[in-house]
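Here is a short briefing to read alongside the structure.

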Amino acid sequence: MALQVLLSRCIERVKDNRGIRFVLASAVVLLLLGIICAIFFGSWVRLFIDHELVLRPGSMTFEWWARPPVRPFVHVYVYNVTNADEFLNNGSKPILDELGPYVYSEEWEKVNITDNENGTLSFHYKRTYTFQPELSSGPDDDAVVVPNIPMLSATSQSKHAARFLRLAMASIMDILKIKPFVEVSVGQLLWGYEDPLLKLAKDVVPKEQKLPYEEFGLFYGKNGTSPDVVTMFSGANDITRYGIYDRYNMRERLPHWTTDECNSISGSDGSIFPPHITKNDTLAVYDKDLCRLLPLRFLEEVESEAGVLGYRFTPPEDVFAADEHNRCFCPAGPPCAPNGLFNVSLCQYDSPILLSFPHFYLADESLREAVEGISPPVAEKHRLFIDVQPEMGIAMRARARIQINLAVSQVVDIKQVANFPDIVFPILWFEEGINELPEQVTSLLRLATKVPPIARSALGWGLSALGVLLILLAVTCLIRSSHRQSTLRLEGHAVAKPPPAKTPGKENGYELNNRR
């Protein structure tokens with residue numbers, strides 16, 4: 001009962017006191033603002049990030065995308081064949097000596113950029129490679145003995161041709177003195193050397209069937225501006241497709257495989273991804289030389305040297321497995337590529353090139369045991385991975401590790417390779433990537449990842465606490481005001497109390513005395 005009276009009096013005081021009403025209204029507003037900040041602040045930050053990430057010409061993110069402020073390095077390891085003659089003449093197991101690393105720095109740039117009206121950007125990649133002798137194990141003019149890829153590709157392709165064609169090919173190779181193994185420098189193997197078979201093909205092959213290059217090199221044509229026209233989503237219309245390829249050489253998908261899913265090119269180039277990535281997401285990277293999308297799945301949480309938290313994504317262990325989910329990548333099979341290998345011959349002018357991870361990581365053990373000199377694979381050294389800052393979708397650290405192999409078939413009618421068994425011959429493997437983003441980028445990442453949670457907590461709890469404090473202050477003032485008014489009322493009653501009435505006896509006596 002007393003509490004009800006106290007509350008009613010407080011309400012009356014609120015109605016009568018404008019100052020207290022203002023304090024209570026402010027307290028309620030602050031409390032609501034604190035709750036709203038706690039609930040919606042993360043969404044506001046995401047909207048801000050999405051707006052700033054969009055690749056708009058003239059923006060900071062556009063400049064970083066067009067001319068990345070990073071310096072990637074490519075480490076190349078070549079498998080030098082030390083017993084080529086014994087292998088060909090006596091059937092000995094190939095003995096390989098892994099040479100390297102031969103290190104090249106890389107500069108990335110997008111040129112001829114066109115801002116399209118549908119929220120995409122079209123451009124050409126420009127890459128410049130520079131040999132770094134101080135970081136390498138030797139000069140890139142080191143001589144190495146490797147399989148003659150143009151020759152062995154031609155002989156393998158002729159296996160099912162007419163016999164007279166194979167005999168004619170053997171005669172041509174005999175005249176040109178072409179052998180199954182060649183001695184070239186590391187630089188020639190990578191960037192190109194004049195091959196007599198390619199030179200002959202240039203003169204005799206019909207124009208529509210000619211190869212688009214005159215020299216052979218595993219990285220031939222990559223040092224400079226690529227002729228490929230690439231179209232990528234800028235995120236302006238749909239942030240969920242930010243950094244994803246729309247077209248490659250005007251194609252929306254590849255023409256090689258048996259399903260639309262396997263022919264899809266809807267992946268990133270590995271440098272940026274759509275923001276707000278979770279551990280359950282599957283990222284996708286597309287590379288023309290890989291000839292397919294490479295899926296990446298969450299492996300573990302990581303922290304960069306600059307203290308930025310990220311997620312490490314890596315291909316699943318069955319990415320190159322010889323099973324049903326990869327059957328679409330084997331249009332002419334079975335038989336298909338062995339477990340752990342991926343056949344890219346359809347993208348390499350029918351050359352029997354098979355890709356794998358270095359040292360046949362995640363591949364059948366028999367592939368490594370077919371040669372000598374390759375140590376067992378180690379995940380930390382041979383696994384491909386990308387560390388991504390999940391909120392912004394920026395790659396912080398990356399290691400793209402791929403091994404190039406040649407699938408050689410025995411062709412008895414061509415004497416040069418008559419003793420060459422069916423074998424997957426490893427040529428080289430390389431590691432391309434970055435260790436750390438520059439300070440200007442990591443500072444922005446730290447700001448974007450560490451400040452919002454602190455600001456959210458500070459604003460949410462601070463405003464709420466201030467609101468509660470003002471409410472307590474107002475209630476305290478009301479209680480004191482109500483108590484003071486009650487005290488004054490009681491004192492007022494005491495002052496206004498009438499004097500006691502005179503007794504009749506005294507009054508009568510007074511009257512009697514007056515009469516006397």
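**Salt bridges and the wider picture**

A search of the whole structure turns up 17 salt bridges. Please keep in mind that this is a predicted model. The protein is built with 13 helices and 18 strands, and buried residues make up 44% of its 516 residues.

**Salt bridges one by one**

- Aspartate 174 and lysine 415 meet through their side chains in a salt bridge, at 3.2 Å from N to O. This pair links distant parts of the chain, with aspartate 174 in helix α6 (residues 163-175) and lysine 415 in the loop between β17 (394-408) and β18 (423-434), 241 residues apart.
- Aspartate 174 counts as partly exposed because its relative accessible area is 43%, and the cut-off for exposed is over 50%. Lysine 415, with a relative accessible area of 57%, is exposed.
- Lysine 279 forms a salt bridge with glutamate 301, and the closest N and O atoms are 2.6 Å apart. Here too the pair links distant parts of the chain: glutamate 301 belongs to strand β12 (residues 292-303), while lysine 279 is in the loop between α9 (260-263) and β11 (282-287), 22 residues apart. Lysine 279 is partly exposed, at 37% relative accessibility.
- Arginine 399 and glutamate 431 form a salt bridge through their side chains, at 3.6 Å from N to O. Arginine 399 is in strand β17 and glutamate 431 in strand β18, 32 residues apart, so this pair also links distant parts of the chain. Both arginine 399 and glutamate 431 are buried.

**Aromatic rings**

- The structure holds 27 aromatic pairs. In one of them, the ring centres of tyrosine 245 and tyrosine 248 are 5.7 Å apart and the planes are at 85 degrees, so the pair is edge-to-face. Tyrosine 245 and tyrosine 248 are both buried.
- Phenylalanine 329 and phenylalanine 342 make an edge-to-face aromatic pair, with 5.3 Å from centre to centre and 80 degrees between the planes. The pair links distant parts of the chain: phenylalanine 329 is in the loop between β13 (309-314) and β14 (342-343), and phenylalanine 342 is in strand β14, 13 residues apart.
- One aromatic cluster is formed by Tyr104, Tyr129, Phe131, Trp191, Phe219 and Phe430.

**Charges over rings**

- Arginine 292 lies over the face of phenylalanine 342, at 5.1 Å from the ring centre.
- Arginine 127 has its charged end over the ring of tyrosine 125, 4.7 Å from the centre of that ring.

**Helix α2 and the surface**

- Which residues form a nonpolar patch on the surface? They are Val28, Val29, Leu32, Leu33, Ile35 and Ile36, with about 480 Å² of accessible area together.
- Valine 28 is found in helix α2 (residues 18-53) and is partly exposed, with a relative accessible area of 43%.
- Arginine 46 is also placed in helix α2, and at 39% relative accessibility arginine 46 counts as partly exposed. Not counting residues up to four places away in sequence, arginine 46 touches His276 and Glu391. Arginine 46 and glutamate 391 are 345 residues apart in sequence and 8.0 Å apart in space, C-alpha to C-alpha.

**Whole-chain numbers**

- Of the contacts with a separation of 6 or more, 66% are between residues 24 or more positions apart.
- The accessible surface of the protein comes to about 27,800 Å², and 56% of this belongs to carbon and sulfur atoms.

Methods:
Residues are numbered from 1 along each chain as its sequence is written. This is a predicted model: local features need pLDDT of at least 70, side-chain atom pairs count only at pLDDT 80 or more; totals for chains, interfaces and linings use all residues. Side-chain values use heavy atoms; hydrogens and water are left out. Helices (H or I, at least four residues) and strands (E, at least two) are DSSP runs, numbered from the N terminus. Buried means under 20% relative accessible area, exposed over 50%, partly exposed in between (1.4 Å probe, protein chains only). Contact means heavy atoms within 4.5 Å. Accessible areas come from the Shrake-Rupley method with a 1.4 Å probe; for residues, only the protein chains shown count as cover. Patches are made of residues with over 30% relative accessible area and no salt bridge: like charges are joined within 9 Å, nonpolar side chains (Val, Leu, Ile, Met, Phe, Trp, Tyr) within 5 Å. A salt bridge is a side-chain nitrogen of Lys or Arg within 4 Å of a carboxyl oxygen of Asp or Glu. Rings of Phe, Tyr and Trp (its six-membered ring) pair if their centres lie within 6.5 Å; planes under 30 degrees apart count as stacked, over 60 as edge-to-face and the rest as tilted. A charge sits over a ring if NZ of Lys or CZ of Arg is within 6 Å of the ring centre and within 35 degrees of the ring normal.
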